[in-house]
Amino acid sequence: MTNLVLLGPPGSGKGTQASRLSADFQIPAISTGDILRAQEEAATPFSDQLRRYLDGGELVPDGLVIEIIRHRLHDPDTRQGFILDGFPRTVAQAAALDSMLEALTRPVDAVVYLKIAAAALLERLTLRHRADDRPEIVAHRIDIYVAQTAPLIEYYRAAGKLISVEADMPLEDVAAAIRAALTPMLGRRAPSVDLPASG
Ligand code: AMP
(Lines give C-alpha, C1' and ligand atoms only; values in the text may rest on other atoms or scores of the structure.)
Protein backbone atom coordinates (compact mmCIF):
# COMPACT_ATOMS: atom_id res chain seq x y z
CA MET A 1 0.00 0.00 0.00
CA THR A 2 1.33 3.41 -0.97
CA ASN A 3 -0.43 6.55 0.20
CA LEU A 4 0.91 9.78 -1.26
CA VAL A 5 0.01 13.45 -1.09
CA LEU A 6 1.06 16.01 -3.69
CA LEU A 7 1.59 19.48 -2.29
CA GLY A 8 2.42 22.66 -4.18
CA PRO A 9 1.02 25.94 -5.43
CA PRO A 10 -1.53 26.14 -8.26
CA GLY A 11 0.32 25.54 -11.53
CA SER A 12 3.18 23.55 -9.98
CA GLY A 13 2.22 20.46 -12.00
CA LYS A 14 0.45 18.42 -9.28
CA GLY A 15 -2.15 17.04 -11.69
CA THR A 16 0.42 15.94 -14.25
CA GLN A 17 2.66 14.28 -11.68
CA ALA A 18 -0.35 12.68 -9.96
CA SER A 19 -1.29 10.99 -13.25
CA ARG A 20 2.26 9.76 -13.72
CA LEU A 21 2.44 8.34 -10.21
CA SER A 22 -1.00 6.80 -10.62
CA ALA A 23 0.21 4.90 -13.71
CA ASP A 24 3.53 3.94 -12.09
CA PHE A 25 2.03 2.64 -8.84
CA GLN A 26 -1.29 1.47 -10.30
CA ILE A 27 -3.27 3.36 -7.68
CA PRO A 28 -5.91 6.08 -8.18
CA ALA A 29 -5.09 9.79 -8.29
CA ILE A 30 -7.76 11.72 -6.42
CA SER A 31 -8.15 15.41 -7.26
CA THR A 32 -10.56 17.41 -5.11
CA GLY A 33 -10.49 20.14 -7.80
CA ASP A 34 -11.70 17.62 -10.43
CA ILE A 35 -14.38 16.24 -8.10
CA LEU A 36 -15.62 19.73 -7.25
CA ARG A 37 -15.67 20.84 -10.90
CA ALA A 38 -17.69 17.71 -11.78
CA GLN A 39 -20.14 18.48 -8.97
CA GLU A 40 -20.45 22.05 -10.19
CA GLU A 41 -21.23 20.85 -13.73
CA ALA A 42 -23.73 18.27 -12.49
CA ALA A 43 -26.26 21.10 -12.01
CA THR A 44 -27.37 20.20 -8.48
CA PRO A 45 -28.87 22.74 -6.04
CA PHE A 46 -25.29 23.37 -4.87
CA SER A 47 -23.82 24.11 -8.30
CA ASP A 48 -24.23 27.88 -8.16
CA GLN A 49 -22.75 28.09 -4.70
CA LEU A 50 -19.86 25.86 -5.72
CA ARG A 51 -19.24 27.90 -8.88
CA ARG A 52 -18.79 31.05 -6.81
CA TYR A 53 -15.96 29.43 -4.85
CA LEU A 54 -14.31 27.79 -7.83
CA ASP A 55 -14.47 30.70 -10.28
CA GLY A 56 -13.43 33.14 -7.56
CA GLY A 57 -10.43 31.01 -6.63
CA GLU A 58 -11.70 30.70 -3.04
CA LEU A 59 -11.25 27.55 -0.99
CA VAL A 60 -14.41 25.49 -0.60
CA PRO A 61 -15.24 25.05 3.13
CA ASP A 62 -13.13 22.40 4.91
CA GLY A 63 -16.17 20.36 6.00
CA LEU A 64 -17.28 19.77 2.42
CA VAL A 65 -13.92 18.67 1.00
CA ILE A 66 -13.19 16.54 4.06
CA GLU A 67 -16.47 14.65 3.50
CA ILE A 68 -15.66 14.24 -0.20
CA ILE A 69 -12.31 12.66 0.69
CA ARG A 70 -13.77 10.53 3.50
CA HIS A 71 -16.27 9.13 1.02
CA ARG A 72 -13.71 8.59 -1.72
CA LEU A 73 -11.25 6.77 0.55
CA HIS A 74 -13.90 4.17 1.26
CA ASP A 75 -14.03 3.18 -2.41
CA PRO A 76 -12.38 -0.22 -2.88
CA ASP A 77 -9.93 1.03 -5.53
CA THR A 78 -8.04 2.94 -2.82
CA ARG A 79 -7.17 -0.20 -0.85
CA GLN A 80 -3.82 -0.60 -2.59
CA GLY A 81 -3.09 3.08 -2.01
CA PHE A 82 -3.92 6.49 -3.41
CA ILE A 83 -2.45 9.79 -4.52
CA LEU A 84 -4.11 12.95 -3.25
CA ASP A 85 -3.84 15.95 -5.57
CA GLY A 86 -5.07 19.25 -4.12
CA PHE A 87 -6.02 17.88 -0.71
CA PRO A 88 -5.22 18.74 2.04
CA ARG A 89 -5.06 22.49 1.46
CA THR A 90 -5.42 23.71 5.06
CA VAL A 91 -4.04 22.54 8.39
CA ALA A 92 -7.60 21.59 9.44
CA GLN A 93 -7.88 19.34 6.36
CA ALA A 94 -4.49 17.76 7.09
CA ALA A 95 -5.52 17.03 10.69
CA ALA A 96 -8.81 15.53 9.49
CA LEU A 97 -6.93 13.37 6.98
CA ASP A 98 -4.57 12.13 9.69
CA SER A 99 -7.40 11.06 11.96
CA MET A 100 -9.34 9.52 9.08
CA LEU A 101 -6.33 7.47 7.99
CA GLU A 102 -5.43 6.55 11.52
CA ALA A 103 -8.89 5.01 11.91
CA LEU A 104 -8.31 3.07 8.69
CA THR A 105 -4.71 2.22 9.76
CA ARG A 106 -3.50 3.58 6.41
CA PRO A 107 -1.18 6.53 7.17
CA VAL A 108 0.24 8.90 4.58
CA ASP A 109 3.62 7.49 3.52
CA ALA A 110 5.08 10.55 1.84
CA VAL A 111 4.18 14.07 0.81
CA VAL A 112 5.74 15.26 -2.44
CA TYR A 113 6.18 19.02 -2.33
CA LEU A 114 6.57 20.58 -5.78
CA LYS A 115 8.70 23.64 -5.21
CA ILE A 116 8.48 26.49 -7.71
CA ALA A 117 8.93 30.28 -7.73
CA ALA A 118 5.84 32.52 -8.05
CA ALA A 119 7.05 34.10 -11.32
CA ALA A 120 7.15 30.71 -13.04
CA LEU A 121 3.62 29.93 -11.81
CA LEU A 122 2.06 33.03 -13.28
CA GLU A 123 3.61 32.21 -16.62
CA ARG A 124 2.36 28.61 -16.54
CA LEU A 125 -1.16 29.39 -15.34
CA THR A 126 -1.85 32.07 -17.91
CA LEU A 127 -1.19 29.41 -20.59
CA ARG A 128 -4.12 27.31 -19.29
CA HIS A 129 -7.74 28.05 -20.12
CA ARG A 130 -9.72 27.39 -16.97
CA ALA A 131 -12.33 29.81 -15.60
CA ASP A 132 -10.13 30.37 -12.54
CA ASP A 133 -6.96 31.00 -14.55
CA ARG A 134 -7.66 34.70 -15.22
CA PRO A 135 -4.67 36.77 -14.02
CA GLU A 136 -6.43 38.46 -11.07
CA ILE A 137 -7.92 35.15 -9.90
CA VAL A 138 -4.55 33.40 -10.29
CA ALA A 139 -2.91 36.02 -8.07
CA HIS A 140 -5.66 35.48 -5.49
CA ARG A 141 -5.25 31.68 -5.60
CA ILE A 142 -1.50 32.07 -5.03
CA ASP A 143 -2.17 34.37 -2.04
CA ILE A 144 -4.55 31.78 -0.58
CA TYR A 145 -1.95 29.08 -1.15
CA VAL A 146 0.69 31.09 0.71
CA ALA A 147 -1.62 31.88 3.63
CA GLN A 148 -3.52 28.60 4.02
CA THR A 149 -1.66 25.78 2.29
CA ALA A 150 2.05 26.61 2.57
CA PRO A 151 1.97 25.94 6.37
CA LEU A 152 1.48 22.27 5.44
CA ILE A 153 5.09 22.16 4.24
CA GLU A 154 6.26 22.50 7.85
CA TYR A 155 3.42 20.28 9.10
CA TYR A 156 4.61 17.37 6.98
CA ARG A 157 8.30 18.16 7.39
CA ALA A 158 7.83 17.90 11.16
CA ALA A 159 6.12 14.54 10.62
CA GLY A 160 9.19 13.35 8.65
CA LYS A 161 7.10 12.80 5.51
CA LEU A 162 8.14 15.68 3.26
CA ILE A 163 9.96 15.13 -0.02
CA SER A 164 10.88 18.42 -1.67
CA VAL A 165 11.30 18.39 -5.45
CA GLU A 166 12.29 21.25 -7.76
CA ALA A 167 9.28 21.67 -10.07
CA ASP A 168 10.48 24.32 -12.53
CA MET A 169 11.85 21.70 -14.94
CA PRO A 170 10.42 19.68 -17.83
CA LEU A 171 7.79 17.26 -16.53
CA GLU A 172 9.94 14.20 -17.32
CA ASP A 173 12.72 15.59 -15.15
CA VAL A 174 10.31 16.35 -12.32
CA ALA A 175 8.89 12.82 -12.58
CA ALA A 176 12.42 11.36 -12.42
CA ALA A 177 13.28 13.51 -9.39
CA ILE A 178 10.11 12.36 -7.60
CA ARG A 179 10.89 8.72 -8.34
CA ALA A 180 14.45 9.11 -7.09
CA ALA A 181 13.26 10.76 -3.88
CA LEU A 182 10.50 8.23 -3.23
CA THR A 183 12.62 5.13 -3.72
CA PRO A 184 14.55 5.31 -0.42
CA MET A 185 11.40 6.40 1.40
CA LEU A 186 9.18 3.61 0.12
CA GLY A 187 11.84 0.94 -0.23
CA ARG A 188 10.68 -2.12 -2.14
CA ARG A 189 7.26 -0.64 -2.87
CA ALA A 190 8.61 1.92 -5.34
CA PRO A 191 7.76 0.82 -8.88
CA SER A 192 10.63 -0.49 -10.95
CA VAL A 193 11.46 1.52 -14.01
CA ASP A 194 12.58 0.12 -17.34
CA LEU A 195 15.77 1.95 -18.18
CA PRO A 196 16.78 2.22 -21.83
CA ALA A 197 19.63 -0.18 -22.66
CA SER A 198 22.89 1.73 -22.86
CA GLY A 199 25.67 1.25 -25.43
P1 AMP B 1 -7.38 22.63 -8.23
O2 AMP B 1 -7.90 21.92 -9.43
O3 AMP B 1 -6.71 21.71 -7.25
O4 AMP B 1 -6.53 23.82 -8.57
O5 AMP B 1 -8.65 23.19 -7.44
C6 AMP B 1 -9.52 24.11 -8.06
C7 AMP B 1 -10.40 24.79 -7.03
O8 AMP B 1 -11.17 23.80 -6.32
C9 AMP B 1 -9.67 25.55 -5.94
O10 AMP B 1 -9.30 26.85 -6.33
C11 AMP B 1 -10.72 25.56 -4.83
O12 AMP B 1 -11.75 26.48 -5.13
C13 AMP B 1 -11.32 24.17 -4.96
N14 AMP B 1 -10.60 23.16 -4.15
C15 AMP B 1 -9.91 22.09 -4.61
N16 AMP B 1 -9.39 21.37 -3.61
C17 AMP B 1 -9.75 22.01 -2.47
C18 AMP B 1 -9.49 21.78 -1.09
N19 AMP B 1 -8.75 20.74 -0.68
N20 AMP B 1 -10.03 22.65 -0.20
C21 AMP B 1 -10.78 23.69 -0.58
N22 AMP B 1 -11.05 23.98 -1.87
C23 AMP B 1 -10.54 23.15 -2.81
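The structure is a predicted model, in which local features need pLDDT of at least 70, side-chain atom pairs count only at pLDDT 80 or more, and totals for chains, interfaces and linings use all residues. Residues are numbered from 1 along each chain as its sequence is written, and side-chain values use heavy atoms, with hydrogens and water left out.

Y155 has a relative accessible area of 25% and is partly exposed, a class that lies between buried and exposed (over 50%). A pair of aromatic rings is described by the distance of the centres and the angle of the planes. Rings of Phe, Tyr and Trp (its six-membered ring) pair if their centres lie within 6.5 Å; planes under 30 degrees apart count as stacked, over 60 as edge-to-face and the rest as tilted. By this rule the count is one aromatic pair. The ring centres of Y155 and Y156 are 5.0 Å apart and the planes stand at 80 degrees, so the pair is edge-to-face.

Helices (H or I, at least four residues) and strands (E, at least two) are DSSP runs, numbered from the N terminus. Helix α2 (residues 32-41) and helix α3 (residues 47-56) have axes that come within 8 Å and cross at roughly 135 degrees. Axes are lines fitted to C-alpha atoms, for helices over the stretch in contact, with angles from 0 to 180 degrees between N-to-C directions. The angle makes α2 oblique to α3; angles under 35 degrees count as roughly parallel, over 145 as roughly antiparallel, 65 to 115 as roughly perpendicular and the rest as oblique. The contact (heavy atoms within 4.5 Å) is made by L36, R37, Q39 and E40 of α2 and by S47, L50, R51, L54 and D55 of α3. By class, the contact of α2 with α3 has three nonpolar, two polar and four charged residues. Ala, Val, Leu, Ile, Met, Phe, Trp, Tyr, Cys and Pro count as nonpolar, Asp, Glu, Lys and Arg as charged, and the others, Gly among them, as polar.

A43 lies in the loop between α2 and α3. Phi of A43, a residue other than glycine, is positive, near 50 degrees; A43 is exposed, with a relative accessible area of 63%. Q26, in the loop between α1 (14-25) and β2 (29-31), is not a glycine either and has a positive phi of about 60 degrees. Q26 is exposed, at a relative accessible area of 65%.

The peptide bond from F87 to P88 is cis, with omega near -5 degrees. P88 is placed in the loop between β3 (81-85) and α5 (91-103).

Technical notes:
Buried < 20%, exposed > 50% of the residue type's maximum accessible area, 1.4 Å probe, protein only.
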